[in-house]
Amino acid sequence: RMAAAPPSYCFVAFPPCSKEGLVVFGKNSARPRDEVQEVVYFAAAAHDPGSKVECTYIEIEQVPRTHAVVLSRPSWLWGAEMGANEHGVCVANEAVVTREPAAESEALLGMDLVRLGLERGATAKEALDVIVALLEEHGQGGNYYEDGNSCHTFQSAFLIVDRKEAWILETSGKYWAAEKITEGVKCICNQLSLTTKIDAEHPELRNYVRSQGWWNGDTDFNFSEVFSPDDDHVTCCSGRESLEKRGGDISAQTMIDVLRDKESGVCVDSESFLTTASVVSVLPQDPSSPGVHYFTGTPDPSRSIFKPFIFVDDVKLVPKVQSPSFGDHDPAKKIPRFQEKPDRRHELYKAHERVRSVLESDQDKGQKLMRIMLELEKQGLEAMEDILTRAEILDAAEVVDLFYDCVDTELKFFK
């Protein structure tokens with residue numbers, strides 16, 4: 001039996017289901033319970049011809065120019081679980097199990113492809129094209145976890161979103177299929193979800209599955225039926241139901257509420273997995289309005305604060321949500337890998353750990369703390385609402401310290 005993929009959930013809502021004129025994106029990242037996620041920003045950059053970029057396990061050709069990105073990532077690896085770029089593209093991935101075992105040999109991780117798509121794609125479709133071209137060239141494979149004892153490998157699915165459309169991209173090895181979405185609500189989780197509506201695919205996909213004897217060509221080609229492991233074809237409807245239950249007018253707040261929902265299973269808190277970080281992005285369909293990206297940077301969204309980030313030039317870096325760097329001495333970079341696990345907790349993570357223990361041990365104090373945390377969050381949401389509904393163009397100086405200040409306020413409150 002192949003190892004179960006961690007049950008992350010990704011969502012997108014378009015009008016008419018979302019609040020007027022907004023595309024709303026969200027993801028809960030379910031990962032091993034003790035893994036730390038950091039929130040990191042990389043400015044747009046120009047690169048010399050012939051330069052290389054070192055991903056988690058392999059080095060690949062760099063492109064002449066990379067876009068500015070903000071990422072939420074397990075702090076031992078190069079890529080990201082989810083993130084956004086300066087052009088209003090958001091990408092999140094899911095680990096999935098297909099009938100083909102994922103490669104243990106080191107190649108690109110699904111999480112590397114999230115970052116590469118964001119750094120190189122100015123639209124959702126461009127990011128998709130980047131990801132599938134890199135899959136074709138380098139393949140996917142390698143350990144998904146910081147674990148020296150065993151290799152956990154998965155195939156990848158992606159939700160790729162911009163202000164106009166979203167693409168669901170599902171892969172098995174270098175083969176892939178994708179569906180385009182421009183309205184309504186979509187949820188993907190750790191199982192294949194594409195069926196017969198396929199808007200783009202690997203040119204050899206159908207020949208390949210025929211040659212494997214998985215499809216005879218006489219029936220409609222159904223991607224998840226062909227590629228899912230025998231007993232595994234179910235839909236991830238609990239997430240979708242949780243979002244649809246909330247009716248129309250899905251906003252940042254609605255998405256946050258869905259990500260906090262433990263009863264539906266969207267907010268994972270199990271023996272092996274925890275939602276170690278979450279993100280919600282709001283992309284106005286009007287390109288003159290800025291996108292707002294809310295990150296927790298801490299585990300369990302039901303006990304975390306979603307803090308806003310907006311792309312502007314010279315945005316202030318936030319070391320307090322960045323894990324310590326171990327450079328070339330990092331056990332994730334040395335072969336054999338992961339022989340030890342360094343302490344990767346950042347300052348916000350440590351402060352949040354103390355708060356979580358209060359929430360677990362002292363009900364009255366815990367409820368009081370939660371009330372103040374939600375009040376802080378609400379102030380951020382209302383301030384962003386104000387920015388999004390204004391007629392005049394945003395003054396960059398107003399938001400250059402935005403994420404920094406929110407993290408700072410949260411830390412002061414925790415202390």
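1. Basis. The model is predicted, so local features need pLDDT of at least 70 and side-chain atom pairs count only at pLDDT 80 or more, while totals for chains, interfaces and linings use all residues. Residues are numbered from 1 along each chain as its sequence is written, and side-chain values use heavy atoms, with hydrogens and water left out.

2. Cysteines. The structure has zero disulfides, a disulfide being a pair of cysteine sulfur atoms within 2.5 Å. Cys10 is in no disulfide, and the nearest cysteine sulfur, in Cys187, lies 7.8 Å away. Cys10 has 0% relative accessibility and counts as buried; buried means under 20% relative accessible area, exposed over 50% and partly exposed in between, with a 1.4 Å probe and protein chains only. Cys406 is partly exposed, at 21% relative accessible area.

3. The whole structure contains two cavities of 30 Å³ or more. On a 1 Å grid over the protein atoms alone, a cavity is a set of points where a 1.4 Å probe fits but cannot get out, and lining residues have an atom within 4 Å of a point. Grid points are joined across faces, edges and corners, and a volume is the space filled by probe spheres set on the points. The largest cavity holds about 80 Å³ of space. Its lining includes Val39, Val40, Tyr41, Phe309, Lys316 and Phe403. Strand β3 (residues 37-42) gives the largest share of this lining, three residues; strands (E, at least two residues) and helices (H or I, at least four) are DSSP runs numbered from the N terminus. By class, the lining of the largest cavity has nine nonpolar residues, one polar and one charged. Here Ala, Val, Leu, Ile, Met, Phe, Trp, Tyr, Cys and Pro count as nonpolar, Asp, Glu, Lys and Arg as charged, and the others, Gly among them, as polar.

4. Second largest cavity. This cavity holds about 40 Å³ of space. Among the residues that line the second largest cavity are Pro6, Arg31, Glu81, Glu94 and Tyr144. Two elements, β2 (22-32) and β10 (90-96), each give two or more residues to this lining, and the largest share, three residues, comes from β10. The lining of the second largest cavity divides into four nonpolar, two polar and three charged residues.

5. Aromatic pairs. The search of the whole structure gives 15 aromatic pairs. Rings of Phe, Tyr and Trp (its six-membered ring) pair if their centres lie within 6.5 Å; planes under 30 degrees apart count as stacked, over 60 as edge-to-face and the rest as tilted. Trp214 and Phe227 form an edge-to-face pair, with 5.7 Å from centre to centre and 75° between the planes. This pair links distant parts of the chain, 13 residues apart: Trp214 is in the loop between α3 (205-211) and α4 (223-227), and Phe227 is in helix α4. Both Trp214 and Phe227 are buried. Phe227 also pairs with Phe223: their ring centres are 4.7 Å apart and their planes at 35°, so this pair is tilted. Phe223 and Phe227 both lie in helix α4, four residues apart, about one turn of the helix. Phe223 counts as buried at 1% relative accessibility.

6. Cluster and charges over rings. One aromatic cluster is formed by Tyr41, Phe295, Phe309, Phe311 and Phe403. The charged end of Lys316 sits over the ring of Tyr404, 3.9 Å from the ring centre. Lys125 lies over the face of Trp167, 5.8 Å from the ring centre. A charge sits over a ring if NZ of Lys or CZ of Arg is within 6 Å of the ring centre and within 35 degrees of the ring normal.

7. Backbone. Most residues other than glycine have a negative phi, and most peptide bonds are trans. The peptide bond from Pro15 to Pro16 is cis, with omega near 5°, and Pro16 is in the loop between β1 (9-13) and β2. Another cis peptide bond joins Ile335 and Pro336, with omega about -10°. Pro336 is in the loop between β18 (307-309) and α7 (347-361). Phe338 lies in the loop between β18 and α7 and has a positive phi of about 60°. Phe338 is buried, at 9% relative accessible area. Asp300, in the loop between β17 (292-295) and β18, has a positive phi near 60° and is buried at 3% relative accessibility.

Note on methods. On a 1 Å grid over the protein atoms alone, a cavity is a set of points where a 1.4 Å probe fits but cannot get out, and a pocket is an open set with protein on both sides within 12 Å along at least five of seven lines; lining residues have an atom within 4 Å of a point.
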